[in-house]
Amino acid sequence: MPYLAAGDPDWENSLKIIDVLVNAGADTIEIGLPFTDPVADGPVLQKSFKRVLAQEFTMEKFFKFLSGIKKAHPHFPLLVMGYANIFYRMGFARILKQLGTYNVTGVIIPDIPYEEKMRLIKNEKLELLLQNISWVDFITPTTTKDRLIKICSSASGFLYFVSTKGVTGQSQFSLKPLQNIIRDVRKKTKTPILAGFGIRTAEHAREAASLTDGFIVGSRIHEIIEENLNKREFITIKLRTELTKLLSGIEHEKHLMA
Amino acid sequence: MNPDQLGYYGDYGGRFVSELLMPALIELESAYGKLVKNKEFLKEYRDSLRDFAGRPTGLFWAKNLSEKWNAKIYLKREDLLHTGAHKINNTLGQTILAKWMGKTRVIAETGAGQHGVATATTCARYKIPCTIYMGEEDLRRQALNGFRMKLLGAEVVGVGGKKGTLRDAVSESLRDWAKNIDNTHYVLGSVVGPHPFPMIVREFQSVIGRESRMQILEHEKRLPDAVFACVGGGSNAMGIFYGFLDDENVKLVGVEAAGHGLNTNLHSAKLSKGMPGIFQGSLSYVLQDNSGMISDVHSISAGLDYPGVGPEHAYLKDTKRAHYESVTDKEALDAFQELSETEGIIPALESSHAIASTKKWIKKYNKSGSSPLVIINLSGRGDKDVAEVQRLLDL
């Protein structure tokens, strides 16, 4: 699953990138909702949000972007990743409802852990809404066994498996030391597992595909955007080449999710 | 009050962090809960507060200022502590906590550098390597504090690009912590961030309030009419308020930075002008725009230059137990000079906000025909600000 910060490097080129990602065979795309203080992200994705926010961001522009995707790809399902305050400001129920109208099938909120999620679902009365849109949970290398059981018991959509301690855009990637956690998750739930954080080469992608049900590529995509800011027409070309390279050697079923 | 099981004070607080950090927060809460009942831990903390930091601090009757302003004014002298501000109450507590928890590395954020210097100081004392994150702009404005931290053996890392300030330093500390969670303790510097930090920092700062209450009863045989403290994240205010929270007749006033004025965008008065939001780990008042983006803020004082505030302050505001006022850069600068000339005490620019607000309040109070008894928390000394003030006055 590719990740793209909405509006990076600008709204027009962002839509063109979506076309490339869809045509590369992505089953779904994770769209990033920009935020001023993205504490779970490394330098590359921090800069991508800064680029979008420098163009005077509004929620209207974001929804217009989603509507542009829907127009070009009417049945293509999306996921939206955003920090808690954006959801809180607009109201969780309101934003979830609105996202649903743009074929968004799930949301990822990196600064809302399981306990806060449960509290919010209760306080904001979101149970019904969440039958149509999933709120994705995280499993990380630090997740304790008792937390893992709780999280798996209510997981929906997929589980976001954070491959390393730290933030997005890690330079090293290996799931092998974490196989026991993946095994524990499999025992508790049939919900698919997607690996993220640090996947940037075909080798990483192969490893992730062999141990999980798919993987998320974000920082690598935004590096390519960043490297080509002065010649934006090249971004889509370079991305196409990179994605082909990244997905080489993975059977199609395995990158269905990817 | 103590927060509920999820770390909420009424509607505010909680733990809005990535799943990576949750186990560490739970571990910290449990370790803290055990250690505050451990006599040896408490003895180590209290002894170090006394012998290393210099507690208790005096409650000083500011006679000249009292005469001039027609009130009886006491200053709680946190400015006399080692490293020059109340920050060390917390860094000593948390550094000893880190040591008892077996952590071998400490990280901290800092704005003006006061919390960073205090952390570097206590880490030197307890032989724990530490890394301090500081915004690049702050590092330039407070270059001397950057050097002080290095002198104390800390690694100092500039963050956030050229415009980097305290909020960037907090974000970068949270990122570092997520990466090095096994061996590292994050010494958060104020009553902000995810639970249990607001509670732990408040408990370590509450010594200010406990001492102040005893001291004012000794001096005056009665409680004050009001207590004033400046609010950035809110730790010195929370510390002194805590001594008087149950004394309903004592008015508690937190003073925010109005910067160039509350009608401009250049202030950092989140309790006066912000809205509830989720920022850097907790739900509290935040300065933000309609999309939920966190605003750029301003204050003459780097220690107040932060868009968020501790969740317990949000609770005290909504329940009306505490009141929140604000003063401009100009008013704070005037108070800075006035206290220096009148009492021979150069206050920190942060604390100058509390002094300026007290002056305005006394004027109103005097109209009723009586003069009040007031305590101002003099949270830090102004040596660090002298160069900046000289620059501003020369303009």
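Visitor: How much area do chain B and chain A bury between them?
Guide: Keep in mind that this is a predicted model. The contact draws 36 residues from chain B and 39 residues from chain A. Of the area buried, 58% is on carbon and sulfur atoms. The total comes to about 3,000 Å².

Visitor: Which residue of chain A forms a salt bridge with E19(B)?
Guide: Between chain B and chain A the count is three salt bridges. In the one formed by E19(B), the closest N and O atoms are 2.8 Å apart. The partner is R147(A).

Visitor: Which element gives the largest share of the side of chain B that touches chain A?
Guide: Let's start with the elements of chain B that give two or more residues to that side: helix 1 (22-35), helix 8 (166-179) and strand 11 (275-279). The largest share is seven residues. Those come from helix 8 of chain B.

Visitor: Which are the edge strands of the open sheet of six strands in chain B?
Guide: The strand order is 3-4-14-9-10-13, with mixed pairing. An edge strand here pairs on one side only. That gives us strand 3 (59-61) and strand 13 (322-328) of chain B.

Visitor: At what angle does helix 14 of chain B run to strand 13 of chain B?
Guide: Helix 14 (residues 329-343) lies across several strands of chain B, including strand 3 and strand 10. Relative to strand 13 of chain B, helix 14 runs at about 90 degrees.

How values were computed:
Residues are numbered from 1 along each chain as its sequence is written. Chains are lettered from A and ligands numbered from 1 in the order in which they are written. This is a predicted model: local features need pLDDT of at least 70, side-chain atom pairs count only at pLDDT 80 or more; totals for chains, interfaces and linings use all residues. Side-chain values use heavy atoms; hydrogens and water are left out. Two strands pair if DSSP finds at least two bridges between them. Helices (H or I, at least four residues) and strands (E, at least two) are DSSP runs, numbered from the N terminus. Contact means heavy atoms within 4.5 Å. Axes are lines fitted to C-alpha atoms, for helices over the stretch in contact, and angles run from 0 to 180 degrees between N-to-C directions. Buried area is the accessible area (1.4 Å probe) that two parts lose on being put together, summed over both. A salt bridge is a side-chain nitrogen of Lys or Arg within 4 Å of a carboxyl oxygen of Asp or Glu.
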